[in-house]
Amino acid sequence: MLKEPKGSDAFARLLEKEASLSPLAKLQSGPAKVLKFTSVPLAAVGGFLATPKAAGGMFRVFGGVVGGFALKQLNQKLRSIRHSGAEVAVAHLLLDYESDISSLTPSAIKAVTAKYDVNYAEHLEIMRSLYTSFLLATLQWPEVRMNEPASLVDLSTALGLDSSTIGDAHCAAAEEIARMLAEVPFEEREEAWEQGMVGKLLFLSDRLYTQLEEEETREYELGRVTEILGLTPKEGVDKVQALVLPYYTSIVKDGMRQIRGGGGGEGEAMDGPKLVKWRQSLGVSEAQANRLHSEEFAKEVTRCVEAGQGRVRDGDADVLLKVRQLLGISSFESERALESVTAPLLRQSIVEMLTALTATPADTWPDALLKVRQRQKELKMVDSALVFHIKDVYRERLKGLIRQANEAAAPLEAAAAAAALEGKERGMEAGEGAKLRKTVGAAMLLMRLMRQFLEVNNLDEVMDEDLFNLKFLNLLPGELNKREREVTFRQYVSAVVSAKLVMEEGGAINELGMFLEMDPAYVKYTLKAMVGPIYEQKVREFVVEKKEMTDENQQVLLDIMRDFRVDDADVRRIGLAVYEAKVHEFFDGKKEFTEAELSELERVKGFLLLSDADVDRIHEPLARDEFLKVVKAEFVKQKTATATAAAPSTTGRAGGTSASLVALSRRLGLSEDARDELLGEALTTHVSPMLSNLKTTFRTLTTPAAELAEERGVDEGEDPFIKGRGKEGLMIKTDNTRNGNLLVEAVELVSFLEANEGYRATPMNLDDEGHMAKRSTDSAKGKRTVTSYVCKAAMGGGRAGEKGNKEKEEEAEESKLAEEMYKAFVQTVAGAAEGEKKERYRVVQDKFGAALGIHPPRMEALKFDLYASKMRKLVRSCLEIKGMMGADDNAELSLLNTQYAIGEERAGRLVLREKKKWLAGTLVSLIQAPPNVLGPTINKLRMTAANMGIDLSEDVPELTPGNKEFLFMKEVGKEGGEGGRPWR
């Protein structure tokens, strides 16, 4: 391998001449000086003596002259030999100090030349010659190495050369290069190798004079060299500038070599600040330097990756960090440079992962998905880089698959359209849609892989866009338009159905529709047209053909419903059709069901997810006539039994719907709700005449009383339920021509409904005043739970459909009459003697109200209003007249509470609340009263509150601090007065 030429090669070549030097060149200084100064005189004497005496004196003198001249020539030769010896000796010394020439001093070199008896001019010539030889040897390598300018400076200093001598040496080198170029044919000079020496000589001269001399001297000496080389000043400057960046590059590379080698390199230890100084001294722009630094850093990254065989080792990562710091590269630029080199490797790993996983079981995915993350760490890439490349690779693959799917769907759509024009329904042949199914399957699998990749590697949060949305593909305007997407979706569904792979690819159909941003209405239409029959076929297969109504097969139906968005109405329609066929299969022959058949129907209902209400619509028409006929016959028997009874019972009838009716409804396939609905219909028909008679009689008896009530109040009319002179408890007969008894008829109505399960108990959460509460809480807080009733017979309810004004008025009139009847019944019960019979009638009164069509909350409100009107009247009368409630008043209040079944605690809260309301109202009236209201009136009110145990400040919110002060001043007298003093 050839060795790079360097400046010290010139000294090595001088040493090669050492063996051929005369021994005289190696003489010590003393003998050499003797020989030098005595050679000529001795030569003259020798010549004189050597001439024979016979020749005469003149000839002997001439012989001496000739001898002296010859020896003079010999002396000059001796000086030349000594000169060469001195040059070789200095070259030897310079080679010895080659690695540290800056430590060599001019005096040390002079000491060497002094041994060879050279004078100053000869010494200077030797120094210039050595420098010129070193310079020419340096120019043999066309590139400027980092240490070369410094080496020239160190050499010139060691040789003791001044700027003039250095200039002469550079001119001598220029002359040699010019001579060499002159020997090159003219047409080849531009491309001649020597042109590199020209540029390098100019660059080294520029760098040397920049460091040694002032700008004026530098320009002068550089001009001399440029002129000798036959260049204009501008051409000289251009030659210099052409080597500035390469030289700076060598400095950068040397610094990187130092880092890589742990401190080695040609020059001084390099760091960031020093590199900046080098750049500034060379005049390299920051932009040029940044561009160079980025390129060199990228090369270093490549070297590290190659050295690590496709990964960045920890040691190399440290090197890259130091190189980044040296070159002043930001972390962002470093990441970009690293990514530019490692991205292809990472992308290759991503592609390999996606390719491999499409052919492996899903349970092996997590481990494989983690390998990409591991590859990222090996390449020292940040998460953002991984995210970018995984998205980019995924986008391109997904976009390609969607395009392929669209291309595969186009000919299928064309064939379907052609068949439609011919009036034919085209069925897709086996394998015809395989390419489309395969492509869509690959796209859906790719999205599934990406979802799991993000989940496994915890990258969901750093994603800045939705990877599973059509917009993510960045399609061009018009690319994959709405019609093309509809074609792809429709033909894919058709291909799946034709291949009988609905169950296997149901999820993909749903996901494809969402990804292609299909209109939900279009998806529903497509699936209904193509997949609806599949669902119906599966239902008939499981229920009718195979009769395999297992949990697994039900899940199959649920999956079809979910994946293909089978409409709920279609599910119900198909299910009811199959169920109804089963019903008729069992029922049509014998008009009833066996227990086995009912169990089978129950299984079908549960399997097809049908509700009781759904199947009741099928069973009820079949069972209606038979069930109502039996029920009506039962009612007739009950009526006959009642007519023959000695007296009506107030205890109700035991039991409920007869066992025979329950068994009948079971055989007819009626659910409990359907049975109750039909029973309610029968009850309504049966009791309507009874209720109508009651209302007519009540209206006849109460008309005068109602008019009287308008004048005297609702509480003071005659009670139609106890009208007449004689009383037998509550069993009172009316004086009408029918000689009937309203109370008895009401009890009979309720008893009949009770005997035939005509009521449904309903709990209610109420507050003290009978209003509905959100939930039942502790009774101490004024909340309680009560049980009321709803009548199954549709009494008093409005008719369905639109109502005219007349109908609304009639309905309002009926409702008002029902409430009047209920209130009269409640008052009758309240006035009765306490006992078991009264408690029974308390239950009857609410059931009677339910039979009248009054809702439970309204009944509670009516009962409370009857009690509250009397309670308020009693309390306010006592407070206004006596200012307190005495023992008689409390006894009267207690009786009222008992009559209306108001508990002691509830009654206490209600009375206290009424007292506070009265106090608040009175206080407000006093505050607003004229100034002549005297203090005793206020004092009396305060004493009344004290007697009732009410703290006006705490219990009456209306008494604000301002009102309190106002009343106090009125009570004691504003200016003082009788019985008082000024208030302060």
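User: Hi! How many helices and strands does the chain have?

Analyst: The chain has 36 helices and two strands. Helices (H or I, at least four residues) and strands (E, at least two) are DSSP runs, numbered from the N terminus. This is a predicted model, where local features need pLDDT of at least 70 and side-chain atom pairs count only at pLDDT 80 or more, while totals for chains, interfaces and linings use all residues. Residues are numbered from 1 along each chain as its sequence is written, and side-chain values use heavy atoms, with hydrogens and water left out.

User: Thanks! What share of the residues counts as buried?

Analyst: Of the 984 residues in the chain, 44% count as buried. Buried means under 20% relative accessible area, exposed over 50%, and partly exposed in between (1.4 Å probe, protein chains only).

User: And what about contacts between residues 24 or more positions apart?

Analyst: Those account for 73% of the chain's contacts with a separation of 6 or more. Contact means heavy atoms within 4.5 Å.

User: OK, on to cores. How many residues are in the largest nonpolar core?

Analyst: That core has 162 residues, and Phe489, Leu753 and Tyr867 have the most contacts inside it. Helix H16 (residues 383-421) gives the largest share, 13 residues. A nonpolar core here is a set of buried Ala, Val, Leu, Ile, Met, Phe, Trp, Tyr and Cys residues joined through side-chain atoms within 4.5 Å. In soluble globular proteins, nonpolar side chains tend to be buried together.

User: Nice. What does Leu753 touch?

Analyst: Leaving out residues up to four places away in sequence, Leu753 touches Leu683, Val687, Gly758, Tyr759, Cys791, Ala793 and Ala851. There is also a second, separate core of 80 residues, which includes Tyr116, Tyr131, Met146 and Leu326.

User: Let's do helix packing. At what angle do H5 and H7 pack?

Analyst: Helix H5 (residues 120-139) and helix H7 (residues 163-182) pack at about 50°, with their axes 9 Å apart. Axes are lines fitted to C-alpha atoms, for helices over the stretch in contact, and angles run from 0 to 180 degrees between N-to-C directions. That angle makes H5 oblique to H7. Angles under 35 degrees count as roughly parallel, over 145 as roughly antiparallel, 65 to 115 as roughly perpendicular and the rest as oblique.

User: Is that crossing left-handed or right-handed?

Analyst: The crossing of H5 and H7 is right-handed. A crossing is left-handed if the near helix is turned anticlockwise from the far one by less than a right angle, and right-handed if clockwise.

User: Which residues make the contact?

Analyst: On the H5 side they include Leu124, Arg128 and Tyr131, and on the H7 side they include Thr165, Ile166 and Asp168. By class, the contact has ten nonpolar, three polar and three charged residues. Ala, Val, Leu, Ile, Met, Phe, Trp, Tyr, Cys and Pro count as nonpolar, Asp, Glu, Lys and Arg as charged, and the others, Gly among them, as polar.

User: How do H23 and H24 cross?

Analyst: The axes of H23 (residues 568-590) and H24 (residues 595-607) come within 10 Å and cross at roughly 170°. That makes H23 roughly antiparallel to H24, and the crossing is left-handed. Tyr579, Lys582, Val583, Phe586 and Lys590 of H23 meet Glu597, Glu600, Leu601, Val604 and Lys605 of H24. These residues divide into five nonpolar, no polar and five charged.

User: Switching to backbone angles: what is the phi of Asp117?

Analyst: Asp117 has a positive phi of about 55° although it is not a glycine. Most residues other than glycine have a negative phi. Asp117 sits in the loop between helix H4 (106-114) and H5, and is buried, with a relative accessible area of 15%.

User: And where is Glu517 found?

Analyst: Glu517 is in the loop between helix H19 (502-515) and helix H20 (520-530). Its phi is positive, about 55°, and Glu517 is partly exposed, with a relative accessible area of 34%.

User: Last one: which residues does Leu941 touch?

Analyst: Leu941 lies in helix H34 (residues 935-947) and counts as buried at 5% relative accessibility. Not counting residues up to four places away in sequence, Leu941 touches Trp918, Leu919, Thr922, Leu923 and Leu926.
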